[in-house]
Amino acid sequence: MDCVLTSTHNYYAVPKNMNLAELVDRTNVDTLDHLERQATVPVVDGLQAQGDLIVIPFDLLDPPPSTEAGTEVPPEGVHLVAALNGGNPHVLVADPGTCRWSPDRDATVVQNSAPVYLLHPEHGGTGIAPGRWLIRRQWSATGLVAD
Amino acid sequence: MSAPGGLEARSTEVPRLGEDWLAHALSTAPADRPAAEEAVATLYASVGRPPPEFVWVRSPAEAATVLPAGKAVRTDDWQTVEAQIAAQVSDLRFRLRRRSEWQGAVSALRPVVREGLVPAINSTLPGSLGVGWAGQHDADWLAETDSGSEPALLAPWQTLARTTGWWWPREGRCVMSDRPTAVHVDVNSLPHNDSGPAITFADGTRAYAWHGRTVPRWVIDEPDVVRILTEPSIEVRFCAAERLGWENYVEQARPPLLGAVPDPGNPGHDLRLYDLWDQINLLLVVNGSVERDGTRRRYGLRTWRWVRDPLEAAAQTYGLRADQYAQLLRRT
């Protein structure tokens with residue numbers, strides 16, 4: 001998976017080489033303790049999945065969503081899946097002023113000018129390169145998948 | 001914003017905002033018998049009855065042994081104490097719930113309580129015990145209910161949810177059950193235990209559940225392929241196969257493999273699509289992240305039976321086409 005990942009864009013005023021421990025520090029979400037805390041979280045510039053969520057670049061969608069990402073992501077992050085009764089959330093974490101989001105029907109539209117991160121207690125962290133993204137949930141034949 | 005003292009003082013009569021109804025629903029504390037009995041007596045009084053004699057039992061299953069047996073529910077008898085309480089609470093719920101619906105309130109407790117704990121406990125009963133209520137397991141509708149201008153009418157129901165288990169009012173006599181002594185839940189607070197009963201009562205009554213779904217004991221204690229294949233309920237089958245582990249199930253039952261392709265973005269792992277049971281396909285996916293023991297969990301998704309290609313099946317779960325999903329760079 002090495003060749004397809006972009007490096008962290010260090011010309012933005014963001015912490016370089018975020019690792020899981022730093023992501024955990026920024027939110028009130030903790031990850032399982034067997035996940036490697038000090039490893040750098042890769043930033044991916046393209047289609048990627050984290051458990052039951054998928055991050056889709058706008059240019060893969062025809063037509064792309066018309067929704068504008070309107071709300072700035074606050075310092076403590078945004079819980080993209082309001083986990084049932086405090087279960088496992090996917091949290092979107094961004095530096096101030098670098099990322100906006102809006103709900104788009106049952107998905108989420110995200111626009112970021114610097115790498116942002118998705119954090120999940122069991123799946124750990126993953127980075128999203130600057131761009132416009134639609135984040136959608138996974139469905140099976142019996143309904144929404146929750147992990 | 002601070003309220004004038006008088007308002008503050010009066011607000012103690014009103015249920016606290018953000019009360020932890022989930023905690024009440026999952027409570028295993030001994031019943032607060034005096035408080036529960038007082039609340040029941042209030043409800044008896046509201047339909048013109050004196051306080052009943054109270055009979056406490058250790059579980060709903062034990063209640064079945066002391067409630068009048070064999071009496072079919074009569075729909076023409078509106079004069080019994082239970083029918084009158086039912087009419088009253090039904091009216092109360094109708095009036096107070098409507099207001100909540102306008103506010104868009106939907107209870108996240110419904111899957112936990114009404115679709116999880118209640119069916120599990122019902123599975124321990126020999127049949128219907130007639131009209132009764134669920135005490136702590138009325139928490140889901142209480143969480144949806146805005147007491148509004150009529151807190152006094154709702155108060156006994158709230159007290160019962162905070163203090164006791166299930167109860168059955170009858171003329172002159174009310175059967176009251178203690179709460180369970182143990183309740184196990186998964187990360188989403190759904191009743192679940194992969195190594196024993198999810199719910200246990202003091203008299204030894206046990207109920208089994210897998211991620212919120214009521215299952216027979218064998219699913220948890222002795223899952224095996226023959227039982228799975230002869231089980232009539234697809235839902236129970238699915239739970240049992242998950243309990244057994246999809247890897248084990250596939251190895252032993254050998255369902256026809258429709259196809260296997262490399263999982264894009266998850267190097268070294270396959271997407272495998274099986275013709276599982278009649279009209280049900282199963283997509284086996286390997287997790288992108290490792291488990292505590294260093295292995296990766298394989299999880300099963302039921303997919304649409306007309307899709308015969310594993311890549312397309314996986315793509316569809318995310319609302320994408322196969323050629324789009326093939327561009328997946330990374331899975332965590």
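Biologist: Which exposed residues sit on the face of helix 3 of chain B turned away from its buried side?

Modeller: Those are B:P34 and B:A45. Keep in mind that this is a predicted model.

Biologist: OK, and which residues of that helix 3 of chain B are buried?

Modeller: B:A36, B:E37, B:A39, B:V40, B:L43 and B:Y44. Looking down the axis of helix 3 of chain B, those buried residues stay within an arc of 160°, so they line one face of the helix.

Biologist: How far does helix 3 of chain B reach from its first C-alpha to its last?

Modeller: It reaches 20 Å with 14 residues, 33-46, close to the 20 Å expected at 1.5 Å a residue.

Biologist: And what follows helix 3 of chain B?

Modeller: B:G48 follows, with a positive phi near 75°.

Biologist: Zooming out, how many helices and strands are there in chain B?

Modeller: Chain B has 14 helices and 12 strands. It has 332 residues, of which 41% count as buried. Of the chain B contacts with a separation of 6 or more, 60% come from residues 24 or more positions apart.

Biologist: What about chain A, how many helices and strands there?

Modeller: One helix and 13 strands. Chain A has 147 residues, with buried ones making up 41%. Of its contacts between residues at least 6 apart in sequence, 62% join residues at least 24 apart.

Biologist: Let's do the sheets. What's the strand order in the open sheet of five strands in chain A?

Modeller: The order is 1-10-9-6-5, and the pairing is mixed. Strand 1 (43-44) and strand 5 (78-79) of chain A are at the edges with a single partner strand each, so one side of each has no neighbour in the sheet.

Biologist: How do strand 5 and strand 6 of chain A run, parallel or antiparallel?

Modeller: Antiparallel, with two bridges joining strand 5 of chain A to strand 6 (residues 91-93) of chain A. A:H79 has A:V91 in strand 6 of chain A as its bridge partner.

Biologist: Switching to strand 3 of chain A, how many of its five residues are buried?

Modeller: Four of the five, so to speak a mostly covered strand, at residues 53-57 of chain A.

Biologist: What does strand 3 of chain A get joined to by bridges?

Modeller: There are three bridges between strand 2 and strand 3 of chain A, running antiparallel. Strand 3 of chain A also has five bridges to strand 11 (residues 131-137) of chain A, again antiparallel.

Biologist: Which residue takes a positive phi in the hairpin of strand 2 and strand 3 of chain A?

Modeller: A:G51, near 55°, in a hairpin that has two residues between the strands.

Biologist: Now the interface. How many residues of chain A are in contact with chain B?

Modeller: 30 residues of chain A, which are in contact with 26 residues of chain B. On the chain A side, the elements giving two or more residues are strand 2 (48-50), strand 10 (124-128) and strand 12 (139-140) of chain A. Strand 2 of chain A gives the most, with three residues. By class, that side of chain A has 15 nonpolar, 13 polar and two charged residues.

Biologist: And which strand of chain B does strand 2 of chain A pair with?

Modeller: Strand 12 (residues 330-331) of chain B, in the parallel sense over two bridges. There, A:A49 has B:R331 as its bridge partner.

Biologist: What ipTM and pTM does the predictor give the complex?

Modeller: An ipTM of 0.80 and a pTM of 0.80.

Biologist: Where is confidence lowest in chain B?

Modeller: In helix 1 (residues 5-11) of chain B, at a mean of 27, while strand 5 (residues 199-200) of chain B is highest, at 98. Residues 1-17 of chain B have pLDDT below 50, and that stretch has six contacts in the model beyond near neighbours in sequence. Residues 100-105 of chain B also stay under 50, with five contacts beyond four places in sequence. For chain B as a whole, the mean pLDDT is 86, and 88% of its residues reach 70 or more.

Definitions and conventions. Residues are numbered from 1 along each chain as its sequence is written. Chains are lettered from A and ligands numbered from 1 in the order in which they are written. This is a predicted model: local features need pLDDT of at least 70, side-chain atom pairs count only at pLDDT 80 or more; totals for chains, interfaces and linings use all residues. Two residues are in contact if their C-beta atoms, placed from the backbone, lie within 7 Å. Ala, Val, Leu, Ile, Met, Phe, Trp, Tyr, Cys and Pro count as nonpolar, Asp, Glu, Lys and Arg as charged, and the others, Gly among them, as polar. Two strands pair if DSSP finds at least two bridges between them. A residue is buried if 20 or more other C-beta atoms lie within 10 Å of its own, exposed if 12 or fewer, and partly exposed in between; C-beta atoms are placed from the backbone. The expected span of a helix is 1.5 Å times one less than its number of residues. The arc is that of the directions from the helix axis to the C-beta atoms. pLDDT is the predictor's confidence in each residue, from 0 to 100.
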